[in-house]
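Please keep the model open beside the text and find each residue as it is named.

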Amino acid sequence: MRTAEALRMAVEALRVNRLRSMLTMLGVIIGVLSVVILVAIGTGAKNAVEKEIAGLGSNIILVVPGQVGLGAAPTQSRLDLSDVAYVRRVVGDPSKVTVAVNSGEPVRVGRVEVFATLTGTDENMPHVFDRPLRRGRYLSETDVDTRRRVVILGSEVAAKLFGDVDPIGRQVTIAGVRFRVIGVYETVGSTFGVARDQEVHLPVTTAQRLIGLPRINGIAVGASGPDEIEPLRRRVVAALDARYPGETFSAVTQTQLLGTIGTVLGMLTGVLAAIAGISLLVGGVGVSNIMLVSVRERTKEIGLRKALGARGRDILGQFLIEAVLLTTIGGVIGILTGVGGALLIQAVSPVPASITWWSIALAFGVSAAVGVFFGVAPARRAARLDPVVALRTD
Amino acid sequence: MSRDERADGPATSATASGTAYGTPPAFEAVGLTRSYRLDGGVLVDALRGVSLRIGQGEFAAIVGPSGSGKSTLMHLLGCLDRPTSGTLRVNGVDVATLDDAGLAGLRNRTIGFVFQSFHLLARTSALDNVALPLVYRGVSRAERRERARAALEAVGLGHRLTHRPSQMSGGEQQRVAIARALVGDPRVLLADEPTGNLDTRNGEEVMGLLERLNEGGVAVVLVTHDAEVAARGRRQIHVRDGRIERDT
């Protein structure tokens, strides 16, 4: 009853000072808007990265020599194909183990030249990674065993070299050696800045001869299920440690990558939200300021209301509701414009933005709380006014 | 809670306070003093021991020059302020026993205020201005509007319900203020220079209205420095230098 009345009075008070109310709200609007947009961008980035990792295929363990981590020096690989055979025996299912030898070379067709990432791998690659073909076929066991000069092109390489022409069966030249195209991959996007559509796959044996080194860069193992990943990872690492005492091997799983990157991006989102929160705080100070002005202006009205029987808490409630109304209306407008802004960013820029319900609920809750927090001081000042003094004010 | 109850029901607690002859007086003051400390630290004694009794249904004028302490006395009687010492009973309730919320309740139910400068809310209709005291009594909106309309009709402004103060003459504004003072059925009307801002004709109209209300049983306490207005009261309480000089 009294609350409804106080709400009516608050709406009236805000309506009377329309411009002032709008300007005060603007501070809150900008604060809420930036919270919603920045959290959307942070969450969008996180989702995008997680999708990239998931795009690798599921349940993959990447085995590389040395220590993996930020600041760790790259290690000269000492692994070779015999180690792949060894890991296959450890894992038990040879089709679930594949290999990678990496290099970068220009690939040429006639006068067109494209710089591509060469990856030597084997026939088991499609069993471990998720890499659909658009045309042609994967590498076969024979391709690897007989060091055939065949390649499968990433979609971008194929488009640049051949345009609309079907590349299957055609020739490309890599480091002066001719290769026959046997397949083209579907477009898959990039992972960690590795543009996978710019890759060219060839038999690992062929790649080693091309590079001139019998080494490999890494072994990838596919686990049969999420629960299998961790035991398998330990088994592989232990086996390699036993084979090469005194050397370090790392096995990274998707879960670890997701965890690490998720933590980093979560922190980033938090920092962004905190920065935006500061502007919300500044908006709150504006509310406090304007409420103090409002209380001073309406001192006489407060005195009158008290004379007519308003208790301190009636006056307190009236001004608190006014402050909360200012910030929550600002909050709602901020949320609407923030969501609109995030959708716009998503539509017209490459920055991914993903609107989360928690950020909207949080922004609304925080703006209401800001109203209470910054409204309390002015409202208390109003509630404590001495009616005699207040009535005398002019 | 018990304080609130007392504030809300002065009539019952009046019986409890045990006045021997039925209904307690509207005001009963014994040795009221009120001192202020000015910003410079100087102590000012605005009231220096006032004892008086104003019965139910009386029409009394508190008269005195400015600075005499009459406004301070009115603030104390209206429970807008508390005495420095002395006791004050309003309708039998000792105001010293009430907290601020209790005083607010007492003002709301027992006292109607009429001010020299009307004190109406500028952007609010006559109807909503008059209904304001009922908001703080928790009366429903529909009932508030109905009672406010009746009060405005009683002061002859039944045709001005939706007008705002700026659209009305001074005399009409003061009548709106009187309707506001009346809407809660108070026992006492406290009028502080009610004709001070009005011309003779409007002032006469307002005085006539106050007299008519007094005949209806409401005690009227008028504060004025205007001898002519004071003469309308059946009783004149002359205040000078914080004391009652003469009570006739």
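The points below go through the contact between the chains, then a helix and some strands, and then a set of charged pairs.

1. A word of caution belongs at the start, for this is a predicted model. The numbers in this note are computed from that model and should be read with this in mind.

2. The contact between the two chains takes 25 residues from chain A and 24 residues from chain B. Together chain A and chain B bury about 2,200 Å², and 64% of this area lies on carbon and sulfur atoms. Across the interface there are also 4 residue pairs in polar contact. On the side of chain A that touches chain B, the elements that give two or more residues are α1 (2–16), α10 (299–307), α11 (312–348) and α13 (387–392) of chain A. The residues on that side of chain A divide into 10 nonpolar, 2 polar and 13 charged.

3. How many salt bridges are counted between chain A and chain B? The count is 1, and the salt bridge is formed by the side chains of E5(A) and R144(B), with a distance of 2.5 Å from N to O.

4. Helix α5 of chain B, which runs over residues 126–135, is mostly covered, since 9 of its 10 residues are buried.

5. Chain B has an open sheet of 4 strands in the order β2-β1-β4-β5, with antiparallel pairing. Because β2 (43–54) and β5 (93–94) of chain B stand at the edges and each has a single partner strand, one side of each is left without a neighbour in the sheet. Within this sheet, strand β1 (residues 27–37) and strand β4 (residues 85–90) of chain B pair in the antiparallel sense over 5 bridges. To see the pairing in the model, look for T33(B), which stands opposite S85(B) in β4(B).

6. The bridge partner of V114(B) in β7(B) is A191(B). From strand β6 (residues 111–114) of chain B, I111(B) and F113(B) point one way while G112(B) and V114(B) point the other way, and all of these residues are buried.

7. Over all chains, the structure holds 33 salt bridges. One of the salt bridges joins the side chains of R135(A) and D166(A), at 2.8 Å from N to O. R135(A) lies in strand β4 (residues 133–136) of chain A and D166(A) in the loop between α6 (155–162) and β6 (171–174) of chain A, so the pair ties together parts that are 31 residues apart in sequence. R135(A) is partly exposed, with a relative accessible area of 40%, and D166(A) also counts as partly exposed, at 33%.

8. An α-helix has 3.6 residues a turn, so residues three or four places apart point the same way. R234(A) is exposed, with a relative accessible area of 55%, whereas E230(A) counts as partly exposed at 31%.

9. Leaving aside residues up to four places away in sequence, R233(A) touches I61(A), A251(A), T253(A) and Q256(A).

10. In chain B, R160(B) forms a salt bridge with E172(B), and the closest N and O atoms are 3.0 Å apart. R160(B) lies in the loop between α6 (141–154) and α7 (170–182) of chain B and E172(B) in helix α7, so this pair ties together parts that are 12 residues apart in sequence. Both R160(B) and E172(B) are buried. Elsewhere, in chain A, salt bridges that share partners join R298(A), E301(A), R305(A) and E322(A) into one network.

Methods
Residues are numbered from 1 along each chain as its sequence is written. Chains are lettered from A and ligands numbered from 1 in the order in which they are written. This is a predicted model: local features need pLDDT of at least 70, side-chain atom pairs count only at pLDDT 80 or more; totals for chains, interfaces and linings use all residues. Side-chain values use heavy atoms; hydrogens and water are left out. Two strands pair if DSSP finds at least two bridges between them. Contact means heavy atoms within 4.5 Å. Buried area is the accessible area (1.4 Å probe) that two parts lose on being put together, summed over both. A salt bridge is a side-chain nitrogen of Lys or Arg within 4 Å of a carboxyl oxygen of Asp or Glu. A polar contact is a pair of N or O atoms within 3.5 Å; within protein, one must be able to donate a hydrogen and the other to accept it, and residues adjacent in sequence count only if both atoms are side-chain atoms. Ala, Val, Leu, Ile, Met, Phe, Trp, Tyr, Cys and Pro count as nonpolar, Asp, Glu, Lys and Arg as charged, and the others, Gly among them, as polar. Buried means under 20% relative accessible area, exposed over 50%, partly exposed in between (1.4 Å probe, protein chains only).
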